Amino acid sequence: MNVIKTGQKIALCLAIVLGVGAVAPILQPSVVHADAISEACNLAPDSEACKGMQGEGGFTKIVGNIINTALMIVGILAVAMIIFSGIRYVTSAGNKQRVEQAKQILIYSITGLIVAICAYAIVNFVIDRLM
């Protein structure tokens, strides 16, 4: 019983670390100061910093990056859950109920990973067509 609680703690810590690491790029100060950047781009529209923010695809790129980051987080969580289900399966000690729970977690995790990969492909296809 203690092994399962230890495995759950490890899986939770792994999910927290991966989640924080995946969310950190979103919380950059440049996103927070978007008004200052747009004002600077109005004063110097030919600067290198403003090329990605103006013209075709500026807003599309930003939305695409946000969606791709969210899908990356979903993919990381799905892989973490696959690892977690494997640990639960190995530590089930022959208990049929725990084996079935581990199999269900594995099935749902793989399904989530496949959906995330397909969504990533669709989003990038649409964004490429819009630009």
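How exposed is tyrosine 89, given its relative accessible area? Tyrosine 89 is partly exposed, at 43%. The model is a predicted one.

## Overall architecture

The protein has 5 helices and 0 strands. Read from the N terminus, the order of elements is α-α-α-α-α.

The chain has 131 residues, and 21% of them are buried. The exposed surface comes to about 9,300 Å². Carbon and sulfur atoms supply 70% of that surface. Among contacts with a separation of 6 or more, 66% join residues 24 or more positions apart.

## Helix H4

Helix H4 covers residues 58-90. Its 33 residues should span 48 Å at 1.5 Å a residue. The end C-alpha atoms of H4 are 48 Å apart, so the model agrees with that expectation.

## Helix H5

Helix H5 takes in residues 96-130. At 1.5 Å a residue, its 35 residues should span 51 Å. The distance between its end C-alpha atoms is 51 Å, which agrees.

At the start of H5, asparagine 95 points a side-chain oxygen at the backbone nitrogen of glutamine 97. That oxygen comes to within 3.1 Å of the nitrogen. Further along, the buried residues of H5 include Val99, Ala102, Ile105 and Ser109. Ala116, Val123, Asn124 and Ile127 are buried too. H4 is part of what covers the buried residues of H5.

Serine 85 belongs to H4. Its relative accessible area is 1%, so serine 85 is buried. Beyond its neighbours within four places in sequence, serine 85 contacts Ala102, Ile105 and Leu106. The C-alpha atoms of serine 85 and leucine 106 are 5.6 Å apart in space. In sequence, the two residues are 21 apart.

Tyrosine 89 is also in H4. Leaving aside neighbours within four places in sequence, tyrosine 89 touches Val99, Ala102 and Lys103. Tyrosine 89 and lysine 103 are 14 residues apart along the chain. Their C-alpha atoms are separated by 7.4 Å.

A polar pair links asparagine 124 and asparagine 68. Asparagine 124 lies in H5. Its relative accessibility is 19%, so asparagine 124 counts as buried, under the 20% limit. The side chain of asparagine 124 makes a polar contact with the side chain of asparagine 68, at 3.1 Å.

## The loop between H4 and H5

Alanine 93 sits in the loop between H4 and H5. Most residues other than glycine have a negative phi. Alanine 93 is exposed, because its relative accessibility is 74%.

## A nonpolar surface patch

Which residues make the nonpolar surface patch of about 410 Å²? Ile122, Phe125, Val126 and Leu130 make it. Leucine 130 is in helix H5. With a relative accessible area of 57%, leucine 130 is exposed, because that value is over the 50% limit.

Key. Residues numbered from 1 in each chain as written. Predicted model: local features only at pLDDT ≥ 70, side-chain atom pairs only at ≥ 80, totals over all residues. Heavy atoms only, no water. Helix = DSSP H or I, 4+ residues; strand = E, 2+ residues; numbered from the N terminus. Buried < 20%, exposed > 50% of the residue type's maximum accessible area, 1.4 Å probe, protein only. Contact = heavy atoms within 4.5 Å. Areas by Shrake-Rupley, 256 points an atom, 1.4 Å probe, with all protein chains shown as cover. Expected span 1.5 Å × (residues − 1). Polar contact = N/O pair within 3.5 Å; in protein donor to acceptor, adjacent residues only side chain to side chain. Patch = residues over 30% accessible without salt bridge, like charges linked within 9 Å, V, L, I, M, F, W, Y side chains within 5 Å. Salt bridge = Lys/Arg side-chain N within 4 Å of Asp/Glu carboxyl O.
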